[in-house]
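Here is a short tour of one protein model, written for someone who likes to know the cut-offs behind each word. Please have the viewer ready.

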Amino acid sequence: MPPGLLSPRGEWRLPVWNTPRRAFPTAVRARILKRDPICRACGVRPSTIADHIVPVAEGGTDDETNGQGLCSPCHDPKSAAERARGLQRWNERRPRQRRDPEPHPGVIG
Ligand SMILES: [Zn+2]
């Protein structure tokens with residue numbers, strides 16, 4: 001098992017090799033930030049992040065129509081919620097039951 005898969009509290013973590021790809025291709029990101037110079041969430045701060053409206057992990061594409069410019073303070077909570085959903089999906093996907101260890105063939109019942 002790769003290190004870090006099971007947290008100290010016994011919960012399963014997303015292994016690093018299984019985390020969804022998060023960033024747009026550079027050219028698409030540049031177009032999104034040019035199109036949305038001001039954060040689309042708060043409408044106040046300048047956009048610094050090209051955000052996936054529908055996360056890639058949830059079926060979103062890298063098309064610029066799936067992108068929106070956000071400022072960092074508006075993006076962070078959304079990103080945290082997406083990570084939480086990703087972890088939940090991972091926990092739902094793992095096998096439910098563990099098999100009981102088979103009795104040692106040398107044990108006399
Ligand atoms: Zn904002």
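## Starting at Ile-49

A contact here requires C-beta atoms, placed from the backbone, to lie within 7 Å. This is a predicted model, in which local features need pLDDT of at least 70 and side-chain atom pairs count only at pLDDT 80 or more, while totals for chains, interfaces and linings use all residues. Numbering starts from 1 along each chain as its sequence is written.

## Overall layout

The protein has two helices and two strands, and from the N terminus on they run α-β-β-α. These elements are DSSP runs numbered from the N terminus, with helices being H or I over at least four residues and strands being E over at least two.

Of the 109 residues, 13% are buried. Buried means that 20 or more other C-beta atoms lie within 10 Å of a residue's own; exposed means 12 or fewer, partly exposed falls in between, and the C-beta atoms are placed from the backbone. Among contacts with a separation of 6 or more, 53% join residues 24 or more positions apart.

## The strand pair

Strand β1 (residues 49-52) pairs with β2 in the antiparallel sense over four bridges; pairing calls for at least two DSSP bridges between two strands. Ala-50 has Gly-69 of β2 as its bridge partner.

From β1, Ile-49 and Asp-51 point one way and Ala-50 and His-52 the other, all of them buried. In β2 (residues 67-70), Gly-67 and Gly-69 point one way, Gln-68 and Leu-70 the other way, and all are buried too.

## Core and Cys-39

Which residues make up the largest nonpolar core? Its eight residues are Phe-24, Ile-32, Cys-39, Ile-49, Ala-50, Leu-70, Cys-71 and Cys-74. Such a core is a set of buried Ala, Val, Leu, Ile, Met, Phe, Trp, Tyr and Cys residues joined through C-beta atoms within 7 Å.

Cys-39 sits in the loop between α1 (26-35) and β1, and counts as buried because it has 22 C-beta neighbours inside 10 Å. Beyond four places in sequence, its contacts include Val-44, Pro-46, Gly-69 and Cys-74.

## A helix residue and confidence

Arg-85 belongs to helix α2 (residues 72-93). With 13 C-beta neighbours inside 10 Å, Arg-85 is therefore partly exposed.

The average pLDDT, the predictor's confidence in each residue from 0 to 100, is 82, and 73% of the residues score at least 70. Over residues 15-19 pLDDT stays under 50, and the model has four contacts beyond four places in sequence for them. Where pLDDT is low, predicted coordinates should not be read in detail.

Technical notes:
Contact = placed C-beta atoms within 7 Å.
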